[in-house]
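Me: I want to know what stands behind the labels here. Please set each value against its definition.

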Amino acid sequence: MRIAFIGDIVGRPGRKIIKENLKKIIEEYSLDFVIANAENASHGFGLTIKNCDELLKSGINIITGGNHTFDKKKEMITLLETKPVLRPDNYPEGLVGTGVKVVEVNGEKLAVINLMGQFGMPTVENPFNWAKKLVTSLHEDNVKNIFIDFHGEATSEKRIIFMMLKNQVSAICGTHTHVGTDDLQIMDNTAYLTDIGLTGCRDNVIGMDSKVPIEKATTGLGGHFQVPNSCKSVLQMMVIDIEDGKAINAFKIKKFCDIKELIITDAIFN
């Protein structure tokens with residue numbers, strides 16, 4: 001199977017990019033299943049029902065989240081109960097929803113896992129111990145194809161989860177920083193990328209208008225971050241070929257939508 005992962009979709013510009021480009025990319029690259037982190041898809045904070053439906057209609061099959069998952073709390077509760085939307089599975093017990101979903105792709109099972117790191121994040125259960133239990137349980141259920149979206153601030157946490165689970169899962173990709181890394185690799189049958197980056201505005205501060213972030217950095221006085229209505233934009237996507245639970249190929253697509261430039265980066269095999 002060939003799956004793809006997009007992140008982090010930020011605001012209206014990010015949704016516009018998906019709407020205008022994703023179906024063409026699905027066809028061109030013969031994608032079987034598309035996962036996307038969309039916790040910033042509505043005004044940069046959270047996800048609404050309307051915007052979720054728009055993304056699903058554009059070709060996304062399942063949506064993952066992170067620390068902004070519950071920013072639109074009422075609507076997110078509905079989404080978690082009715083739509084293919086995940087929240088980090090290691091949020092404290094008792095919350096609505098789940099961070100694990102097993103789907104069928106080309107007659108095979110694919111598990112999508114959403115986890116969140118600890119550094120600089122809301123209170124969560126230990127993601128490393130949590131991940132080990134989840135993966136063990138999936139293997140016991142004969143689920144070999146496993147993808148993990150690890151939503152974390154610290155690159156070290158993402159690397160730790162990779163070193164722990166390589167050869168046990170198919171792929172791990174980090175989200176949250178909105179800054180794409182260049183370390184796409186396949187090691188011991190597992191594809192890994194520290195951070196996919198963002199899909200949205202690229203000429204500001206992690207998808208947000210730069211005025212308020214600059215003011216906060218220089219004066220200590222905060223304000224409400226805004227997603228620009230007009231900007232230079234980018235779409236960032238990781239594509240993984242999986243066979244019998246093993247990543248056999250991976251590459252990253254970076255599409256600069258405003259200048260119509262496309263960069264393909266192949267994974268390094270270690």
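Me: How do the side chains of strand β9 point, and are they buried or exposed?

Reply: β9 covers residues 190-193. Thr190 and Tyr192 point one way, Ala191 and Leu193 the other way. All are buried. Buried means under 20% relative accessible area, exposed means over 50%, and partly exposed lies in between (1.4 Å probe, protein chains only). In a regular strand, side chains alternate between the two faces of the sheet.

Me: What kind of model is this, and how are residues numbered?

Reply: It is a predicted model, where local features need pLDDT of at least 70 and side-chain atom pairs count only at pLDDT 80 or more, while totals for chains, interfaces and linings use all residues. Numbering starts from 1 along each chain as its sequence is written, and side-chain values use heavy atoms, with hydrogens and water left out.

Me: What makes β9 a partner of β7 and of β8?

Reply: Two strands pair if DSSP finds at least two bridges between them. Strands themselves are DSSP runs of E, at least two residues long; helices are runs of H or I, at least four, and both are numbered from the N terminus. β7 (residues 171-175) and β9 have 3 bridges, in the parallel sense. β8 (residues 185-187) and β9 also have 3 bridges, in the antiparallel sense. Both counts meet the definition, so both are called pairs.

Me: Which residues of β9 stand opposite which partners?

Reply: Alanine 171 stands opposite alanine 191. Isoleucine 186 has alanine 191 as its bridge partner. Glutamine 185 has tyrosine 192.

Me: Which strands of the open sheet stand at its edges, and why are they called edges?

Reply: The order is β4-β5-β6-β7-β9-β8-β14, 7 strands with mixed pairing. β4 (100-105) and β14 (268-269) each have a single partner strand, so one side of each is left without a neighbour in the sheet.

Me: What makes β12 and β13 a pair?

Reply: β12 (residues 246-256) and β13 (residues 261-266) share 6 bridges in the antiparallel sense. Lysine 252 has threonine 265 as its bridge partner in β13. The hairpin has 4 residues between the strands, and lysine 260 takes a positive phi near 55° there.

Me: How do you know whether phenylalanine 33 is buried or exposed?

Reply: Phenylalanine 33 is in strand β2 (residues 33-37). Its relative accessibility is 8%, so it counts as buried. Contact means heavy atoms within 4.5 Å. Leaving aside neighbours within four places in sequence, its contacts include Ile62, Val103, Val105, Leu110 and Val112. The C-alpha atoms of phenylalanine 33 and isoleucine 62 are 8.5 Å apart, across 29 residues of chain.

Me: What class does glycine 120 get, and why?

Reply: At 66% relative accessibility, it counts as exposed. Glycine 120 lies in the loop between β5 (108-116) and α4 (127-140).

Me: How do you know how compact the protein is?

Reply: It has 6 helices and 14 strands. The radius of gyration is 17 Å, close to the 18 Å that the globule rule gives for 270 residues, so the protein is as compact as a globular protein of that length. That radius is taken over C-alpha atoms, and the rule is 2.2 Å times the number of residues to the power 0.38. The C-alpha trace spans about 50 × 45 × 35 Å along its principal axes.
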